[in-house]
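I wanted notes on how this fold is put together and what surrounds its ligand. Here is the model I worked from.

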Amino acid sequence: MLNVDRITARYGSLTALDAVSLETAAGARIGVFGHNGAGKTTLLRCIVGVHAPAAGSVSFDGRPVLAGHVPENVRRGLAFVPQGHNVFPTLSVAQNLRIAGLHFDLAFMAEVLRLFPVLHERRAQRAGSMSGGEQQMLALGMALMTQPKWLLLDEPSTGLAPVIVRDVMRQLRRVNESFGTGLVIVEQNVPATLKVVERAVILKSAAIVFDGPAARLAAEPDLWEWF
Ligand SMILES: Nc1ncnc2c1ncn2[C@@H]1O[C@H](COP(=O)(O)OP(=O)(O)OP(=O)(O)O)[C@@H](O)[C@H]1O
Ligand SMILES: [Mg+2]
């Protein structure tokens, strides 16, 4: 279980999150939406311990997640895929996966390649020469090499054509179903994400203004008033 308990996050005098709480069950699929600057990235950064909240706490499997202890938090099962394609462009696909899994079980690469046939086909290709969608798949594959219990993704659809966005979302669902990995997906592409998640959270100006079933948000005609 991953729990966020009334965290407040600041950058200097700016409050990016104001007493935000989120209780989750293992293996859940959650979409986090909201306008630019709402605090979405900050929420992910606090969960993985990249940013230290000014107040409140994050806990995972009953123990606190400590800010500044990112490698330990990753070992405990939290994987963060920041925005942009975080691959080593001059290395091959297989080398990228190997580096990501260095302190973990490298044999797991076979599972990752099975899940992403495109990475298997291109395992010898230089990562930087792959398309944006393929690089996003690689970034996902790299995160999976740590066999996370939770995958936290910051706008995984950025810069991808609609048909590729559907592919990425479908793969995320398969990861969740194959490994029971919980998903927290921060996205601007609300309709595409609602097809994958079961729960939706909307942040507005540092606070949660909606937290409920994805289907309810999908059916909500005034969806956009929150953005
Ligand atoms: N390193 C930083 N230093 C100062 N202010 C920051 C920093 N990072 C974020 N902020 C501010 O904190 C607020 C929340 O930012 P955050 O990046 O969490 O928003 P977001 O919801 O992810 O926005 P976007 O949709 O544009 O990615 C914004 O007002 C932003 O300007
Ligand atoms: Mg952001």
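I began with strand 6 and strand 7 (residues 150-154), which run parallel and are joined by four bridges. Strands here are DSSP runs of E, at least two residues long, and helices are runs of H or I of at least four, both numbered from the N terminus. I looked up one bridge: Ala79 has Leu151 in strand 7 as its partner.

Before going on, I noted that the model is predicted, that local features need pLDDT of at least 70 and side-chain atom pairs pLDDT 80 or more, and that totals for chains, interfaces and linings use all residues. Residues count from 1 along each chain as its sequence is written, chains are lettered from A and ligands numbered from 1 in the order written, and side-chain values use heavy atoms, without hydrogens and water.

I traced an open sheet of six strands, order 6-7-8-3-9-10, with mixed pairing. Two strands count as paired if DSSP finds at least two bridges between them. Strand 6 (78-81) and strand 10 (207-213) are the edges, and each pairs on one side only. Neighbouring strands of this sheet are turned against each other by 15° on average, direction ignored. Helix 1 packs on this sheet and touches strand 3 (29-34), strand 6, strand 7, strand 8 (182-186) and strand 9 (199-204). Its direction makes about 150° with that of strand 7. Contact is heavy atoms within 4.5 Å. Axes are lines fitted to C-alpha atoms, for helices over the stretch in contact, and angles run from 0 to 180 degrees between N-to-C directions.

I then followed an open sheet of four strands in the order 2-1-4-5, paired antiparallel. Strand 2 and strand 5 (63-64) stand at its edges with a single partner strand each, so one side of each has no neighbour in the sheet. Strand 1 (residues 2-11) and strand 4 (residues 55-60) share five antiparallel bridges. Asp5 faces Ser57 in strand 4. Strand 1 is also joined to strand 2, antiparallel, by six bridges. Tyr11 stands opposite Leu14 in strand 2. In the hairpin of these two strands, two residues lie between them, and Gly12 takes a positive phi near 60°. Helix 1 lies across strand 1, strand 2 and strand 4, at about 120° to strand 1.

**Ligand 1**

Which residues come nearest to ligand 1? I found Asn36, Gly37, Lys40, Thr41 and Thr42, out of 13 around it. Near means that a heavy atom of the residue lies within 4 Å. Strand 2 (14-23) and helix 1 (40-48) each supply at least two residues of the shell. Helix 1 gives the largest share, three residues. By class, I noted four nonpolar, seven polar and two charged residues.

I checked the polar contacts next (N or O pairs within 3.5 Å). A side-chain N or O atom of Thr42 is 2.5 Å from a ligand 1 oxygen atom. For the side chain of Lys40, the distance to a ligand 1 oxygen atom is 2.7 Å. A backbone N or O atom of Gly39 lies 3.0 Å from an oxygen atom of ligand 1. The protein covers 61% of the 630 Å² of accessible area (Shrake-Rupley, 1.4 Å probe) that ligand 1 has on its own.

Terms used:
A polar contact is a pair of N or O atoms within 3.5 Å; within protein, one must be able to donate a hydrogen and the other to accept it, and residues adjacent in sequence count only if both atoms are side-chain atoms. Ala, Val, Leu, Ile, Met, Phe, Trp, Tyr, Cys and Pro count as nonpolar, Asp, Glu, Lys and Arg as charged, and the others, Gly among them, as polar.
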